[in-house]
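Work through the exercises below with the sequence and the coordinates at hand. Each task is followed by a solution in steps.

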Amino acid sequence: MMLFSGKITNSFLVYLDKHDVDSEKLFELTDLPTEFLREPSCWIPAQDVEKFVASMDREFGSIFHDNLPKLVG
């Protein structure tokens with residue numbers, strides 16, 4: 001199983017927090033525990049991170065009028 005660093009999910013959450021996006025809605029979009037999403041030192045299964053990133057882009061990309069993963073990166 002391939003794992004991705006929690007730095008990825010943490011970066012999305014920090015970016016959205018800085019832009020005053022409601023955190024509660026973020027956590028409804030994933031089955032992953034909040035503590036994993038915010039913890040940059042953890043490792044998360046790749047397919048879960050990919051689902052998370054796709055959900056974030058689908059839900060919030062239009063707010064920023066751009067590709068959210070590109071902006072976060």
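Predicted model: local features only at pLDDT ≥ 70, side-chain atom pairs only at ≥ 80, totals over all residues.

**Exercise 1.** Find where helix 4 is kinked, list its buried residues, and describe the backbone just after it.

Solution. The kink is centred on Arg58 and amounts to about 40°. For burial, the cut-off is under 20% relative accessible area. The residues of helix 4 that are buried are Ala46, Val49, Phe52, Val53, Ser55, Met56, Phe60, Gly61 and Phe64. Just after the helix comes His65, with a positive phi of about 55°.

**Exercise 2.** Place Phe4 in the fold and state which residues it touches, leaving out those up to four places away in sequence.

Solution. Phe4 belongs to strand 1 (residues 3-5). Its relative accessibility is 23%, so Phe4 counts as partly exposed. The residues that Phe4 touches are Cys42, Trp43, Ile44, Ala46, Val49 and Glu50. For Phe4 and Cys42, the sequence separation is 38 residues, while their C-alpha atoms are 8.6 Å apart. Two of the contacts of Phe4, Ala46 and Val49, are among the buried residues of helix 4.

**Exercise 3.** Is Thr30 buried or exposed, and what does its side chain reach?

Solution. Thr30 sits in the loop between helix 2 (23-28) and helix 3 (34-38). With a relative accessibility of 15%, against a cut-off of under 20%, Thr30 is therefore buried. The Thr30 side chain reaches the backbone nitrogen of Leu32 at 3.1 Å. Leaving out residues up to four places away in sequence, Thr30 touches Leu37 and Phe52. Phe52 is one of the buried residues of helix 4.

**Exercise 4.** How many salt bridges does a search of the whole structure find, and which side chains meet?

Solution. The search gives 1 salt bridge. It is formed by the side chains of Asp17 and Arg38, at 3.0 Å from N to O. Asp17 lies in helix 1 (residues 6-18) and Arg38 in helix 3, so the pair, 21 residues apart, links distant parts of the chain. Asp17 is partly exposed, at 31% relative accessibility. Arg38 is also partly exposed, with a relative accessible area of 30%.

Key:
Residues numbered from 1 in each chain as written. Heavy atoms only, no water. Buried < 20%, exposed > 50% of the residue type's maximum accessible area, 1.4 Å probe, protein only. Polar contact = N/O pair within 3.5 Å; in protein donor to acceptor, adjacent residues only side chain to side chain. Contact = heavy atoms within 4.5 Å. Salt bridge = Lys/Arg side-chain N within 4 Å of Asp/Glu carboxyl O. Bend = angle between axes of the 7 residues up to and from the residue.
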